[in-house]
Amino acid sequence: IDGRALTALAIYLFNYFNLFKDLELDETKVLRYWLQVEGGYQDIPYHNSIHAADVLRALAWFFNIPFVRKTLTPLEICAGLVSAGIHDHDHPGLNNGHLIRTRHQIAVRYNDKSVL
């Protein structure tokens, strides 16, 4: 999956942790899901799909520690990987203070509370 680090890593990890088999997931649907997720990341300096892939990789490393791995179900591993992959989806690349000061539509929508 050239140029799609997040999608490529996610599919690799779903295979590595046997999630397709253990959770009876359709590989084509999961691939389409990750392509959609990656496509929703903006091309900004930090909160982008490469950052999401890095967070996903870090979580996978943690999940692979033997005493951690033996405590997790396949569903918990899947939920963690999905959460890591989407944690900054569609992030505008600006902080809460800036969004509030400029009365950005996201700040207005969330009434200046927990904007991001």
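**Exercises on helix packing**

Thr-7 is a residue of helix H1 (residues 5-16), where helices are DSSP runs of H or I with at least four residues, numbered from the N terminus. The model is predicted: local features need pLDDT of at least 70 and side-chain atom pairs count only at pLDDT 80 or more, while totals for chains, interfaces and linings use all residues. Residues are numbered from 1 along each chain as its sequence is written, and side-chain values use heavy atoms, with hydrogens and water left out.

**Exercise 1.** Determine whether Thr-7 counts as buried or exposed, and find its side-chain polar contact.

*Solution.* Step 1: the relative accessibility of Thr-7 is 0%, so Thr-7 counts as buried (buried means under 20% relative accessible area, exposed over 50%, partly exposed in between, with a 1.4 Å probe and protein chains only). Step 2: the Thr-7 side chain forms a polar contact with the side chain of Glu-38 at 2.6 Å (a pair of N or O atoms within 3.5 Å, of which, within protein, one must be able to donate a hydrogen and the other to accept it; residues adjacent in sequence count only if both atoms are side-chain atoms).

**Exercise 2.** Describe the packing of H1 and H3.

*Solution.* Step 1: the angle between H1 and H3 is about 145°, and their axes are 8 Å apart (axes are lines fitted to C-alpha atoms, for helices over the stretch in contact, and angles run from 0 to 180 degrees between N-to-C directions). Step 2: residues in contact (heavy atoms within 4.5 Å) include Thr-7 and Phe-14 of H1 and Trp-34 and Glu-38 of H3. Step 3: this contact of H1 with H3 comprises 10 nonpolar, 1 polar and 1 charged residues (Ala, Val, Leu, Ile, Met, Phe, Trp, Tyr, Cys and Pro count as nonpolar, Asp, Glu, Lys and Arg as charged, and the others, Gly among them, as polar).

**Exercise 3.** Determine how H6 is oriented relative to H3 and to H4.

*Solution.* Step 1: H3 and H6 pack at about 30°, with axes 10 Å apart. H3 is therefore roughly parallel to H6 (angles under 35 degrees count as roughly parallel, over 145 as roughly antiparallel, 65 to 115 as roughly perpendicular and the rest as oblique). Step 2: Tyr-33, Trp-34 and Val-37 of H3 meet Leu-81, Val-82, Gly-85 and Ile-86 of H6. Step 3: for H4 (residues 49-63) and H6 (residues 74-86), the angle is about 155° and the axes are 8 Å apart, so H4 and H6 are roughly antiparallel.

Notes
Helices (H or I, at least four residues) and strands (E, at least two) are DSSP runs, numbered from the N terminus.
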